[in-house]
Amino acid sequence: MAYSMALAGGFGGTPSLNSGVGFSSTPNPESTALSQRRFLSEVELANRWGMSPKTLTRWRGMGRGPVFNKFSKKVAYPLDGENGVLDYEKRHVYASTSERVPV
């Protein structure tokens with residue numbers, strides 16, 4: 001009953017120009033970039049790097065490793081973008097074992 005009333009004319013529908021609700025049919029570059037951003041789960045990143053997921057958990061607690069996002073209880077690592085996993089991998093390439101590791 002309430003659902004059918006919400007769809008009837010006068011309830012819901014397209015917001016007027018003065019309603020204060022901004023709808024746009026053309027996506028802006030910021031929303032497009034966020035919707036196309038790819039993430040790796042903790043297990044996927046651990047498998048990619050050949051380590052235990054617990055190592056990534058420990059690194060997060062210490063403030064080390066790549067940046068991450070938390071979605072409720074889930075942890076995700078952005079693959080692309082500044083400070084993403086690919087950027088982190090590029091910054092941690094060494095020519096010699098005598099080079100100092102940034103902490």
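A: The following account begins with the strands and then turns to the helices and the core.

The model is predicted. Its open sheet contains 3 strands in the order S1-S3-S2, and the pairing is antiparallel. From one strand to the next, the twist averages 40°. Strand S3 (residues 74–78) runs antiparallel to S2 and is joined to S2 by 3 bridges. Within this pair, Phe71 stands opposite Lys74 in S3.

Helix H3 (residues 42–49) lies across S1 and S3, and runs at about 85° to S1.

Helix H4 (residues 53–62) contains Arg60. The side chain of Arg60 forms a polar contact of 2.9 Å with that of Tyr77. Apart from residues up to four places away in sequence, Arg60 touches Glu42, Phe68, Val75 and Tyr77. Tyr77, with its neighbours within four places in sequence left aside, is in contact with residues including Phe39, Leu40, Ser41, Leu45, Leu56, Arg60, Phe68 and Val85.

Tyr77 also belongs to the largest nonpolar core, which has 10 residues in all: Leu40, Leu45, Ala46, Leu56, Trp59, Val75, Tyr77, Leu79, Val85 and Tyr88. Two or more of these residues come from each of H3, H4, S3 and helix H5 (85–91).

Terms used: Residues numbered from 1 in each chain as written. Predicted model: local features only at pLDDT ≥ 70, side-chain atom pairs only at ≥ 80, totals over all residues. Heavy atoms only, no water. Pairing = 2+ DSSP bridges. Helix = DSSP H or I, 4+ residues; strand = E, 2+ residues; numbered from the N terminus. Axes fitted to C-alpha atoms, helices over the stretch in contact; angles between N-to-C directions. Contact = heavy atoms within 4.5 Å. Polar contact = N/O pair within 3.5 Å; in protein donor to acceptor, adjacent residues only side chain to side chain. Core = buried A, V, L, I, M, F, W, Y, C linked by side-chain atoms within 4.5 Å. Buried < 20%, exposed > 50% of the residue type's maximum accessible area, 1.4 Å probe, protein only.
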